[in-house]
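Me: Please give me a close look at one part of this model. Keep it brisk, and state the cut-offs.

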Amino acid sequence: MLINTIRRAARLAIDCVVGDVCVLCQLPLTAHQWRDPLGLNDHMCPYCRTAVALNTNACGHCALPLPIAQKTCGRCLYTPLTHLAVAPVLHQHCGAYLVHQLKFHRGEREALALASFLLTAINQHYPSSAALPDLLIPVPIAPWTQLRRGYNPPEWLARTLQKQLDVAVADDLVTRKSGPSQRTLSRSQRMRLAKNTFSLKHKIAPSILSSRHVAIVDDVLTTGATVAVLKRTLQRAGASRVDVWSATRA
Ligand SMILES: [Zn+2]
Ligand SMILES: [Zn+2]
């Protein structure tokens, strides 16, 4: 915790001396440049903001990129992954770089850049603030990974969204069983993610989740196996509707 505070203070000190720079091209940003339409400092210059490849036509339930005019993928026609999936950026080039920086280099600025794309998409998908979820659930990482990294990337995204949308974040409701990192597994191994990967705090979970509309928040949505298992865990505790908000879609 102390190390985190020192790192943040050092970053702020560097900002004061060098000034803010774009997370993608590293060129200096002026105050009016970084004000994106939502008023969030996304640390991106206007040019790089347009260079990020967007997931413009995707399945409404799993965010899989689809040909124009198709709204639902074949898999979700029979078993929808979630009620509504939002994943505004394609996990390639700039999008993949931003997630990599967030995950492995404590990319707080990259988290804000990704959250700004998420916010724009959320505003498009939910007609009013009344339609927003009651609760955001960041996908937990294994305890050992959390200890080693000192932070959980999806939680950083969820906290930024919380401030902008005024939706509560439940970051200690679900725990993840220790196991091999998803990155080290093949696609078929990921698809067989154990049903007991996540566990809920049984004493409080039912009262918090009962009849609630929740959104799972993640940095990258790949096979959907993690979301499917977490969704079932949340539904077993009473959640009435489960959406997923992921910064990027692989
Ligand atoms: Zn730039
Ligand atoms: Zn789908």
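Reply: Buried means under 20% relative accessible area, exposed over 50%, and partly exposed in between (1.4 Å probe, protein chains only). The model is predicted: local features need pLDDT of at least 70, side-chain atom pairs count only at pLDDT 80 or more, and totals for chains, interfaces and linings use all residues. Residues are numbered from 1 along each chain as its sequence is written, chains are lettered from A and ligands numbered from 1 in written order, and side-chain values use heavy atoms, without hydrogens or water.

Take the metal site. The zinc ion (ligand 1) is held at 2.3 Å by the SG atoms of C22, C25, C45 and C48. Donors are N, O and S atoms within 2.8 Å of the metal (3.2 Å for Na, K and Ca); water is not among the atoms, so sites may look incomplete. Angles among the four donor atoms run from 103 to 116°, and the site is tetrahedral (four donors, all angles between 85 and 135 degrees). The ideal tetrahedral angle is 109.5 degrees.

Along the chain the donors are spaced C-x2-C-x19-C-x2-C. C22 sits in the loop between α1 (2-18) and α2 (31-34), and C45 in the loop between α2 and α3 (46-51), so the pair ties together parts 23 residues apart in sequence. Helices are DSSP runs (H or I, at least four residues), numbered from the N terminus. Both C22 and C45 are buried.

Now the neighbourhood in sequence. Y97, in helix α5 (residues 93-104), touches V23, L24 and Q26, leaving aside residues up to four places away in sequence. Contact means heavy atoms within 4.5 Å. Y97 is partly exposed, at 34% relative accessible area.

Technical notes. Tetrahedral: all angles 85-135°; square planar, octahedral: opposite > 155°, others 65-115°. Helix = DSSP H or I, 4+ residues; strand = E, 2+ residues; numbered from the N terminus.
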